[in-house]
Every structure is written in C-alpha cells, then in structure tokens.
Amino acid sequence: MKAQTQIPTPIVLPKKTVINILHTQNMLVERFNEILKPFELSVEQFNVLRILRGQNGNPTNMCLIQERMISKTSNTTRIVDKLVAKALVTREICPHNRRKMEVLITAKGNDLLQLVDPKIEGYEQGLLGNLSVSEAEQLNALLEKYRNQH
C-alpha cells in the first residue's frame, strides 16, 4: 500500500493555528518576564510605564491607559497602585474633574525604562532572526488582518 500524504482537514487547521498562536504568545510572555524580572516589573507594569512615557510629561487618565493596554483584561488600577508604591508613577486627582485620576511617570520611572529598553530592544531584534524582511512584513500583515476581523 502506498502511504498517503495527510492534508489538513478544515477542522484540524483552525486548531493547529490556535495552538501555534498560543504557543508563540506563551513563549513571548515567558521571555519578556525573564527580561523584566531583575527590574521587579511585570509585563503589564512595563506596558503602563511605556504608555505614560509616550505622553511626553503630560498626565494621563486611567481610561486612556486601559485603552492602550496590550491586555484589555488587565486591572489597570491595581497595576498603577503597584507602580505608585514603587515611586515609578504618581497619581493625583484631576484639578478640573475631581472624579478623574491623572497618572504621570516619574523621573525614577523614566530612568528604569532607560535601563530596560536596551534589553527589550535586543530581544525584539532577535525575534525575527530567521525571517526575511518580506516574511516579517507578511507575518505582521496576517496578524493585523486576523485581529481586525475580531
């Protein structure tokens, strides 16, 4: 008997795709956690610090931080509380709207990001090591296409 080549069935292909995406996501998160651990930061805390740095010294409200978070299920208030405790951010009541909190990165927070950035950037540069530029562009286009449909 001649061996037949297995062609993924329509049922198997979506499962394989989901498993590949989940494995990749897990690998990325684990490596980011390893990089951030010596700095006593979680991925979510790092994300908040980068969002605040991007505000160029302007205070930011909690809603804007939540909108820009990579993980929309993150408890932004708890994350900001931890960053306040580490003196990496400040949180104050908005003078124009007492129901709104304004969050601002501190000099200590900016200094910490300057230490972390080269390590993260080095990792990010190595991520695409075995992909050509066109493959990396195609991967990004496919991931964005997938996210935009959901």
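Helices and strands are runs assigned by DSSP and numbered from the N terminus, and the angle between two of them is taken between their N-to-C directions, on a scale from 0 to 180 degrees. With that in hand, the predicted model can be toured piece by piece. Helix α4, residues 76-85, lies across β2 and β3, and its direction makes an angle of about 115 degrees with β2.

Three strands form an open sheet in the order β1-β3-β2, and their pairing is antiparallel. Strands β1 (60-61) and β2 (89-93) stand at the edges; each has a single partner strand, so one side of each is left without a neighbour in the sheet. Between β2 and β3 (residues 101-105), the antiparallel pairing runs over five bridges.

Attention now turns to the nonpolar core. The largest one holds 25 residues, and L41, V48, L49, I65, L83 and V116 have the most contacts inside it. At least two core residues come from each of α1 (12-36), α2 (43-53), α3 (62-68), α4, β3 and α5 (107-127). For V116, the contacts beyond its neighbours within four places in sequence are L36, F39, L41 and F46.

Q55 is found between α2 and β1. Is Q55 buried or exposed? Its relative accessible area is 16%, and buried means under 20%, so Q55 counts as buried. Apart from residues up to four places away in sequence, Q55 touches T60, L64 and R68.

Note on methods: Residues are numbered from 1 along each chain as its sequence is written. This is a predicted model: local features need pLDDT of at least 70, side-chain atom pairs count only at pLDDT 80 or more; totals for chains, interfaces and linings use all residues. Side-chain values use heavy atoms; hydrogens and water are left out. Two strands pair if DSSP finds at least two bridges between them. Helices (H or I, at least four residues) and strands (E, at least two) are DSSP runs, numbered from the N terminus. Contact means heavy atoms within 4.5 Å. A nonpolar core is a set of buried Ala, Val, Leu, Ile, Met, Phe, Trp, Tyr and Cys residues joined through side-chain atoms within 4.5 Å. Buried means under 20% relative accessible area, exposed over 50%, partly exposed in between (1.4 Å probe, protein chains only).
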